[in-house]
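Biologist: I have a model open in my viewer and would like to learn how to read it. Could you walk me through it?

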Amino acid sequence: LQGGFDEIALNGGKAANQPHPALLDLAFRQALARGIDKAGATEDLWFGYGEPATAVSMGADFKWVPDIAEAEQFAYDPALANKLLDEAGYLDTDGDGLREMPGGGDNITLRHAINTDTDLGQAVGELFSGWMNAIGIDVQLDSYDQDQLFGVIVDGTYDTFYWGWVPFVDPNPMLSYWTEAE
């Protein structure tokens with residue numbers, strides 16, 4: 001049996017064009033991870049026929065998927081996400097429901113790239129936007145076909161994107177994709 005996975009990827013800032021500055025902050029990224037309802041998405045989009053992942057699945061054999069202790073997983077917890085964002089200084093100082101960078105300034109708006117060549121791209125974008133709005137982060141949805149989206153990813157002109165993978169049975173190629181050299 002060959003499985004696949006879908007992801008919401010965050011721009012970590014290694015491409016030529018940088019993401020929103022907040023995404024360069026580990027505390028911000030960890031808070032976002034707490035604001036994403038993977039179990040809810042699995043139920044809503046795949047009608048329970050999927051399973052929320054705890055790590056990138058590298059192949060069809062589950063022995064290659066690392067076992068991450070439950071206490072170390074980033075479970076959906078918007079209250080904790082809000083607390084972490086507050087503690088990191090991402091506050092809504094003007095009361096409009098959206099957080100600003102520490103020290104004030106413009107609202108934080110993440111550019112989320114939707115893959116229009118998938119049946120679920122728009123739905124995932126809408127869910128992601130709702131999850132982020134619930135923790136005070138604005139989201140701008142930008143739509144691209146798969147070829148355009150690949151260029152956006154390579155150029156680094158995104159903050160987050162949705163993509164799906166069906167990896168090879170052998171995990172080695174999939175592992176190589178996640179290296180800086182690749």
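Predicted model: local features only at pLDDT ≥ 70, side-chain atom pairs only at ≥ 80, totals over all residues.

Biologist: Where does Phe 47 lie?

Modeller: Phe 47 sits in the loop between α2 (38–46) and α3 (78–87). Helices (H or I, at least four residues) and strands (E, at least two) are DSSP runs, numbered from the N terminus. Just after α2, Phe 47 adopts a positive phi of about 50°. Together with Trp 46 and Tyr 49, Phe 47 forms a nonpolar surface patch with about 440 Å² of accessible area. Patches are made of residues with over 30% relative accessible area and no salt bridge; like charges are joined within 9 Å, and nonpolar side chains (Val, Leu, Ile, Met, Phe, Trp, Tyr) within 5 Å. The areas come from the Shrake-Rupley method with a 1.4 Å probe, and for residues only the protein chains shown count as cover.

Biologist: Which residues of α2 are buried?

Modeller: Gly 40, Ala 41, Thr 42 and Leu 45 are, and their cover includes α4. Leu 45 is also one of the contacts of Leu 120, a residue in the loop between β2 (109–115) and α4 (121–134). Contact means heavy atoms within 4.5 Å.

Biologist: How do I read the overall fold, and what pattern does the chain follow?

Modeller: Read along the sequence, the pattern is β-α-α-α-β-α-β-α-β-α, with six helices and four strands. Of the 182 residues, 33% count as buried. His 112 in strand β2 is an example, counting as buried because its relative accessibility is 0%. Beyond four places in sequence, His 112 touches residues including Ile 8, Phe 128 and Tyr 162.

Biologist: How many salt bridges are there?

Modeller: Side chains of opposite charge can pair when their charged atoms come close. The cut-off is a side-chain nitrogen of Lys or Arg within 4 Å of a carboxyl oxygen of Asp or Glu, and the structure holds three such salt bridges. In one of them, the closest N and O atoms of Glu 87 and Lys 83 are 2.9 Å apart. Glu 87 and Lys 83 are four residues apart in helix α3, so about one helical turn separates them.

Biologist: What about the salt bridge between Asp 86 and Arg 99?

Modeller: That one has an N to O distance of 2.7 Å. Asp 86 lies in helix α3 and Arg 99 in the loop between α3 and β2, so the pair ties together parts 13 residues apart in sequence. Asp 86 is partly exposed at 39%, whereas Arg 99 is buried at 6%.

Biologist: And which side chain does Arg 111 meet?

Modeller: Asp 159, at 3.1 Å from N to O. This pair links distant parts of the chain, 48 residues apart: Asp 159 is in the loop between α5 (146–155) and β4 (160–165), and Arg 111 in strand β2.

Conventions. Residues numbered from 1 in each chain as written. Heavy atoms only, no water. Buried < 20%, exposed > 50% of the residue type's maximum accessible area, 1.4 Å probe, protein only.
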